[in-house]
Amino acid sequence: MQAPMVLRVNQQKISCDKYLQRLTECDIAADRLSHAADGVVLKQAVDVHLLPGFDDGLVSVQDAAAQQAAALLGHSKHSYVLDACAAPGGKTAHLLETQPDAKVLALDVSEGRLLLIKDTLTRLSLFADVKCADAAVLDDWWDGRKFDSILLDAPCSATGVIRRNPDIKIHRRLKDIHGIIVEQRRLLEQLWQTLKPGGHLLYATCSILKDENENQIRKFLDSHNDAVEQEINTAWGRKCKAGVQVLPGDQLMDGFYYARLEKTQ
């Protein structure tokens, strides 16, 4: 089944209902998404530059599953937030749209992909501190100030987005998965040091594999007595032994996994 084209409305600039009116005026059929506060799904995909207000930052293209990150991370006044693997910048931007007073540091290991973050923020008239760094090498970027919350959208097999990228089935190998799991654990271990007591880390992947998702988080919880899982109670997703899994096509979403951890001390 073909994945739908889903938009995220920038409600700092326009409400979803008013944006739906704009779409109707352009003869673009669309509906609200009940499980994504800023989400609109098109009946048929169109070129982004045909979307009213796209170039002015009224709207972005982002799957409904990815749109859950900002809400799950939570809102608090003047929070200091790390987006650890931020490119191409959709989640960074959504965090800033929903928390305009937050200070956000966005990291990515790829200089080229960092440009995508900057382009996204410029189009949306948003600001974050953007740095090129391996998030797990703290000495290269961390100044010692601890974060109120961290989004770790971890490198993964991308098995949850195969319907958008069918070549994954051809190019992904079993031997690749072990290396990915090791890298996820490396990021979790290092980033946990940068989180304030009482702070939250939201772990996310676009994978449907247990070893990258619930098994990864269960192992982390078992080895850290200062980490507790915060249950995610939503109208979407499938409960796991740790976290919540979305399978491709569930409520029109891509395959995705989320787990929310709190640092107790």
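## The open sheet

Four strands, in the order β2-β3-β1-β4, form an open sheet with antiparallel pairing. Strands β2 and β4 stand at the edges with a single partner strand each, so one side of each has no neighbour in the sheet. From one strand to the next the twist averages 30°. Axes here are lines fitted to C-alpha atoms, for helices over the stretch in contact, and angles run from 0 to 180 degrees between N-to-C directions. Two strands pair if DSSP finds at least two bridges between them. Helices (H or I, at least four residues) and strands (E, at least two) are DSSP runs, numbered from the N terminus.

This is a predicted model: local features need pLDDT of at least 70, side-chain atom pairs count only at pLDDT 80 or more, and totals for chains, interfaces and linings use all residues. Residues are numbered from 1 along each chain as its sequence is written, and side-chain values use heavy atoms, with hydrogens and water left out.

Strand β3 covers residues 39-42. Gly39 and Val41 point one way, Val40 and Leu42 the other, and all are buried. Buried means under 20% relative accessible area, exposed over 50%, and partly exposed in between (1.4 Å probe, protein chains only).

Strand β1 (residues 6-9) pairs with β3 in the antiparallel sense over 3 bridges. Val6 has Val41 of β3 as its bridge partner. Strand β2 (residues 30-32) also pairs with β3 in the antiparallel sense, over 3 bridges. Here Asp31 has Val41 as its bridge partner, and Ala30 has Leu42. The link from β2 to β3 is a hairpin through 6 residues.

The whole structure holds 10 salt bridges. A salt bridge is a side-chain nitrogen of Lys or Arg within 4 Å of a carboxyl oxygen of Asp or Glu. Side chains of opposite charge can pair when their charged atoms come close.

Two residues of β2 take part. The side chains of Asp17 and Arg32 meet in a salt bridge at 3.3 Å, N to O. Asp17 lies in helix α1 (residues 16-25) and Arg32 in strand β2, so the pair ties together parts 15 residues apart in sequence. Asp17 is partly exposed at 48% relative accessibility. Arg32 is partly exposed too, with a relative accessible area of 39%.

Asp31 forms a salt bridge with Lys43, and their closest N and O atoms are 3.5 Å apart. Lys43 sits in the loop between β3 and β4 and Asp31 in strand β2, so this pair ties together parts 12 residues apart in sequence. Lys43 is exposed, with a relative accessible area of 58%. Asp31 is partly exposed at 34% relative accessibility.

## Salt bridges elsewhere

Asp250 forms a salt bridge with Arg238, with the closest N and O atoms 2.9 Å apart. The pair links distant parts of the chain. Asp250 is in the loop between β12 (244-246) and β13 (256-263), and Arg238 is in strand β11 (residues 238-239), 12 residues apart. Asp250 is buried, with a relative accessible area of 17%. Arg238 is partly exposed, with a relative accessible area of 44%.

## Helix α4

Helix α4 (residues 111-124) has 14 residues. From first C-alpha to last, α4 reaches 21 Å, close to the 20 Å expected at 1.5 Å a residue. The expected span of a helix is 1.5 Å times one less than its number of residues.

In α4, the residues Leu114, Ile117, Thr120, Leu121, Arg123 and Leu124 are buried. The buried residues of α4 pack against β1, β4 (59-61), α3 (90-98), β6 (103-108) and β7 (129-132). Contact means heavy atoms within 4.5 Å. Ser125 follows α4, and its phi is positive, near 60°.

## Cysteines

A disulfide is a pair of cysteine sulfur atoms within 2.5 Å. By this rule the count is 0 disulfides. The closest cysteine sulfur to that of Cys16 is in Cys26, at 16 Å, too far for a bond. Cys16 is buried at 1% relative accessibility.

For Cys240, the closest cysteine sulfur is in Cys156, at 15 Å, again too far for a bond. Cys240 is partly exposed at 23% relative accessibility.
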